[in-house]
Amino acid sequence: MARVLVVTGHPRTDSLTAALARHARDRLTAEGHTVDFLDLEAEGFDPRMTPEDEPDWADPGKAYSPEVRAHMRRVADAEAIVVVFPVWWFGLPALLKGWIDRVWNHGFAYGRRRGGGPLARTRMLWLGLTAYERARFVDAGWEETVTRVLRTGISEYCGMAPEATSVRYVYDSLTAGAGAFEVLDAALGELLPAQEPASHPA
């Protein structure tokens, strides 16, 4: 079983995004995984960069703020990370983007001179909700663009293996209904396949 960090940050608790994040938490817990549920909105995370948390390129060992160090520990403790978010302006919402800016920081998630960093063996699922139909989202080039930013620009840049990172979308999110949960369940099954029961000698 794995230690999983489930992250979300929608301003409404009755949103589909919030419901999917809770579903991920509940399903993973039921399967025996240890889940750390991080609702950035509920926890009052401040996404604004501060001088204390601005990266110092000459000092990869910089000590960041206590708040950020606490979040870094939660990220480092996770063997898998699931981020559920609405696609706003063809990217992450400001709250999640600020979390990446402040927490996935230089000397922690990237920029280490030695070793692969704490995310080198982490599995990652990004689940984005978009009101676009799939064909329109793909034809306009947005799926390729958003996926490249999340997979290559963030996950792989921070040391995650390409095969350990997946980006999935709930299309037509305003009317997706139960189909949204089917997309999430399939993605979770790929991220953390169910383990076969251990066999015992006769």
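Which side chain does R25 meet in a salt bridge, and at what N to O distance? I found that R25 pairs with D26 at 2.9 Å, N to O, where a salt bridge is taken as a side-chain nitrogen of Lys or Arg within 4 Å of a carboxyl oxygen of Asp or Glu.

Before going on, I noted that this is a predicted model, in which local features need pLDDT of at least 70 and side-chain atom pairs count only at pLDDT 80 or more, while totals for chains, interfaces and linings use all residues. I also noted that residues are numbered from 1 along each chain as its sequence is written, and that side-chain values use heavy atoms, with hydrogens and water left out.

**Entry: charged pairs**

My search of the whole structure returned 13 salt bridges.

Next I turned to D185 and R27, whose closest N and O atoms are 3.1 Å apart in a salt bridge. D185 lies in helix α6 (residues 178-191) and R27 in helix α1 (residues 16-30), so this pair ties together parts that are 158 residues apart in sequence; helices (H or I, at least four residues) and strands (E, at least two) are DSSP runs, numbered from the N terminus. I read a relative accessible area of 24% for D185 and of 23% for R27, which makes D185 partly exposed and R27 partly exposed.

I then looked up D53 and R102, whose side chains meet in a salt bridge at 2.7 Å, N to O. D53 sits in the loop between β2 (34-39) and α2 (66-77), whereas R102 belongs to helix α3 (residues 94-103), 49 residues apart. Both D53 and R102 are buried. I also recorded that salt bridges with shared partners join R27, E31 and D185 into one network.

**Entry: nonpolar packing**

The largest nonpolar core has 36 residues, of which V7, V75, I81, W99, W104 and W126 touch the most other members; such a core is a set of buried Ala, Val, Leu, Ile, Met, Phe, Trp, Tyr and Cys residues joined through side-chain atoms within 4.5 Å. Its largest share, five residues, comes from α3.

For W99, leaving aside neighbours within four places in sequence, I listed contacts (heavy atoms within 4.5 Å) that include L5, V7, H71 and W104.

Conventions
Buried < 20%, exposed > 50% of the residue type's maximum accessible area, 1.4 Å probe, protein only.
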